[in-house]
Amino acid sequence: MSKIQAPVIKNEYYDVTFEDLTHEGAGVAKIEGFPVFVENALPDERGKIKIIKVKKGFAFGRLIELYEESKNRTEAPCPIYSQCGGCQLQHLSYEGQLLFKKKQVEQVLTRIGKLDLHKVKVHPTIGMNEPWNYRNKAQVPIGEREGGLVAGFYQKRSHDIIDMERCLIQQAENDDVVQAVKKICEKYGIRAYNEEKHKGCLRHIMVRYGLVTKEMMVVFVTKTADFQQKNEIINEITAKFPQVKSIVQNINNKRTNVIFGNDTNVLWGEEYIYDKIGDVKFAISARSFYQVNPEQTKVLYDKALEYAGLTGTESVIDAYCGIGTISLFLAQKAKKVFGVEIVPEAIEDAKRNAELNGFTNAEFAVGEAEVVIPAWYNKGNKADVIVVDPPRKGCDEALLKTILDMKPKRVVYVSCNPGTLARDLHFLEQGGYETVEVQPVDMFPHTTHCEAVAWLELV
Ligand code: SAH
């Protein structure tokens, strides 16, 4: 076979029209059919690009000049947008972002899921009325500059920490506490951890905020247990921020990019803060997984509950249940819920949360969904409805096969990755299910993350 020659040359300039956006938010232009990916370019725009890298079937380019702007282009409001990399879509209007996410879901459902969009209703993405200041958790690396500490973010593709006062997608309360804590630590001479020398003390500050309860938690991630003047630091924080209910230290002595270590101690106050999603209350510890956009989480879970179509007589499985958030939402309307999750601490939290809310109809098991659920089925158990909310890689085939054997009348699939959602829907369709509706929900405005919930019926 002859080698196909790329029609573009590195360091050369080309005039192009952008046709599409990748899932990572880069503009796509085709040069003689050869795709070139360019950051900060939008569909329908025309411009001059420079080719910076040529790969086997595609190339990367840099935008040099825009000749024609998309009507969906907008000025990114964040002054550090281009340095940070935390958001990828601020230059696209919010309306444009919601359309992009719906289109992304439709594309993969057709291409990977082989679904007929005349039969499956993909709804417009449900966005936020105010798509800013939504994150309830700030996790900031700490560094040093002459005379003080910096708290902010790693510059794109580097480990240099840039100081940041405001993150526009963060709850303002979190930014206020991070800034104040940084100054308090500076005042008491706390040294930042130095990655290269593996020396110093403070690695990260994490702040969590309960949107409904307004309770806050501060977590110090330090290299060792030794944390000088911590009592003075705690006194200043609690005097300034009465809403802080919990101050925690996590110790991470490893040379690693992983933020947290294994040891966590409460320095002051409670081990948990509380928050509510709808009518369900959750205890959140320093290490608990909790959805970062609680307002949209309620929208997503309400949709999952609607799609589950519960009348009070059903037994329901919630696979990949985390701390039991969806399980407890379902428990409000189901006869019985059985949650399965691989992280033991999350299952402890799930049980505690069930008790906290007085649910006696929710049971939880630790283990891999693809092992626990087949074993449960082999013992003669059955569910009327199965809800799955897997990580990005989607469901294990063994779990999907068990669903096909068990034949629950409905499956609700909550997904953070449209590609694996489409793959798994295809598998279930081949086995006798029909996808009825898919609802994208924007959980992470201004980023390319795309969440969707699908409803399938046994036919
Ligand atoms: N439904 C929860 C969590 C979803 S995130 C919520 O909405 O908050 C996906 C979860 O799947 C994580 O908690 C992760 O720990 C868990 N997980 C990953 N692989 C798993 C597996 N093979 N079996 C069971 N749980 C798994």
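User: How far is a polar side-chain atom of Tyr-301 from an oxygen atom of the ligand?
Analyst: The distance is 2.5 Å. A polar contact here is a pair of N or O atoms within 3.5 Å. This is a predicted model, where local features need pLDDT of at least 70, side-chain atom pairs count only at pLDDT 80 or more, and totals for chains, interfaces and linings use all residues. Residues are numbered from 1 along each chain as its sequence is written, and side-chain values use heavy atoms, with hydrogens and water left out.

User: What about the side chain of Glu-370, which ligand atom is 3.1 Å from its N or O atom?
Analyst: A nitrogen atom of the ligand. For Gln-291, a side-chain N or O atom is 3.0 Å from a ligand oxygen.

User: How much of the ligand does the protein bury?
Analyst: The protein buries 86% of the 570 Å² that the ligand exposes when taken alone; the areas come from the Shrake-Rupley method with a 1.4 Å probe.

User: Which helices each supply at least two residues of the shell?
Analyst: α6 (325-331) and α8 (369-378) do. Helices are DSSP runs (H or I, at least four residues), and strands are runs of E, at least two, both numbered from the N terminus.

User: New topic: where is Val-316, and is it buried or exposed?
Analyst: Val-316 is in strand β16 (residues 315-319). Its relative accessibility is 2%, so Val-316 counts as buried; buried means under 20% relative accessible area, exposed over 50%, and partly exposed in between (1.4 Å probe, protein chains only).

User: How far apart are the C-alpha atoms of Val-316 and Val-387?
Analyst: They are separated by 7.4 Å, with the two residues 71 residues apart along the chain.

Definitions and conventions
Polar contact = N/O pair within 3.5 Å; in protein donor to acceptor, adjacent residues only side chain to side chain.
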